[in-house]
Amino acid sequence: MNDSVLTLQRVDASYGPAQALFGIDLDLAQGETIALLGRNGAGKTTTLRAVMNLMVRRTGRIDVFGSPAKGPADAIARRGVGWVPDDRRIFPTLTVRENLRLAQRAGRSKDRAPVSFDEVLEILPIMKRLIDRRGSALSGGEQQAVAIARAIMARPRLLLLDEPTEGLAPVIVDELEQAVADLPGRFGMSILLAEQNLRFVQRTARRVIVLETGRLVYSGTVEEFAANDDVRERYLAIG
Ligand code: ATP
């Protein structure tokens with residue numbers, strides 16, 4: 001038994017007739033964070049959906065915790081995979097506390113005690129002033145913080161984060177950055193992060209994978225990636 005939390009081998013994925021991923025390989029170790037980078041439409045979200053077996057038809061092999069990630073998304077989630085989609089999906093009429101409580105119940109598992117409110121407030125201090133507000137009264141950044149808090153409550157062993165910083169104010173990005181950087185050490189979580197914010201990636205991830213039109217075009221450590229101007233200019237939306 002190795003310590004692989006997630007492996008993808010030659011994974012293709014399609015939306016109906018439209019193929020979106022071509023032969024993706026990936027290996028995420030226990031406690032590691034890998035960032036998926038690439039322009040809009042490169043296939044980052046589709047890779048996360050393929051892991052959850054959601055919305056896409058896929059071929060190739062995907063294993064979580066050493067056995068195939070098969071069946072519906074909720075069955076995969078119950079095995080300890082948390083997913084934070086890019087549309088956040090906070091219940092607007094419920095307070096933040098109620099949103100979190102629901103998640104705690106939904107993610108309940110025999111082998112993992114849920115993360116407590118206190119622990120979540122410690123790792124995401126912004127939650128302290130949001131806890132009694134309704135979902136509909138939150139800014140985009142606050143909703144993103146709640147979506148992450150909600151996923152953490154179920155104490156997933158593998159967390160899939162889809163573009164957590166998209167459209168957010170810098171002060172919230174800083175707080176999320178600190179929280180995401182702390183999750184592996186604090187809870188032993190492993191993270192697959194789709195993200196376009198390079199600073200966030202450099203402060204949270206150990207390795208970087210770059211996708212371009214559904215293909216893996218680069219893989220390296222964050223240090224190697226930081227030193228590679230060519231890859232950044234060629235495949236990312238920044239100059
Ligand atoms: P973004 O940052 O825009 O979300 P991404 O890297 O996450 O980009 P994907 O959303 O994975 O990219 O998209 C990969 C390809 O799949 C794109 O060509 C996109 O148009 C297509 N695609 C994504 N979702 C669907 C869908 N629900 N139905 C059909 N095609 C889709």
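Me: What is the accessible surface of the protein, and what share belongs to carbon and sulfur atoms?
Reply: Accessible areas come from the Shrake-Rupley method with a 1.4 Å probe; for residues, only the protein chains shown count as cover. Here the accessible surface comes to about 10,900 Å². Carbon and sulfur atoms hold 49% of it. Keep in mind that this is a predicted model: local features need pLDDT of at least 70, side-chain atom pairs count only at pLDDT 80 or more, and totals for chains, interfaces and linings use all residues. Residues are numbered from 1 along each chain as its sequence is written, and side-chain values use heavy atoms, with hydrogens and water left out.

Me: What radius of gyration does the protein have?
Reply: The radius of gyration is taken over C-alpha atoms, and the globule rule is 2.2 Å times the number of residues to the power 0.38. For 239 residues, a compact globule would come out near 18 Å. This protein has 17 Å, which agrees. Its C-alpha trace spans about 45 × 40 × 35 Å along the principal axes.

Me: How many helices and strands are there?
Reply: Both are DSSP runs, numbered from the N terminus: helices are H or I with at least four residues, strands are E with at least two. This protein has 10 helices and 10 strands.

Me: Is Glu163 buried or exposed?
Reply: Buried means under 20% relative accessible area, exposed over 50%, and partly exposed in between (1.4 Å probe, protein chains only). Glu163 has 9%, so it is buried. It sits in the loop between β7 (158-162) and α7 (170-187). Contact means heavy atoms within 4.5 Å. Beyond four places in sequence, Glu163 contacts Lys44, Gln144, Ala194, Glu195 and Gln196. Across the protein, 51% of the 239 residues count as buried.

Me: What does Leu36 touch?
Reply: Leu36 is in strand β3 (residues 33-37). It is buried, because its relative accessible area is 1%. Leaving out residues up to four places away in sequence, its contacts include Lys44, Ala194 and Glu195.

Me: Why is Ser190 called buried?
Reply: Its relative accessible area is 0%, so Ser190 counts as buried. Ser190 is in strand β8 (residues 190-194). Among the residues it touches are Val5, Leu28 and Arg157.

Me: What is the phi of Arg10?
Reply: Most residues other than glycine have a negative phi. Arg10 has a positive value, near 50 degrees. Arg10 is in strand β1 (residues 4-15) and is exposed, at 60% relative accessibility. Arg155 also has a positive phi, about 50 degrees, although it is not a glycine. Arg155 lies in the loop between α6 (140-153) and β7. At 23%, Arg155 is partly exposed.
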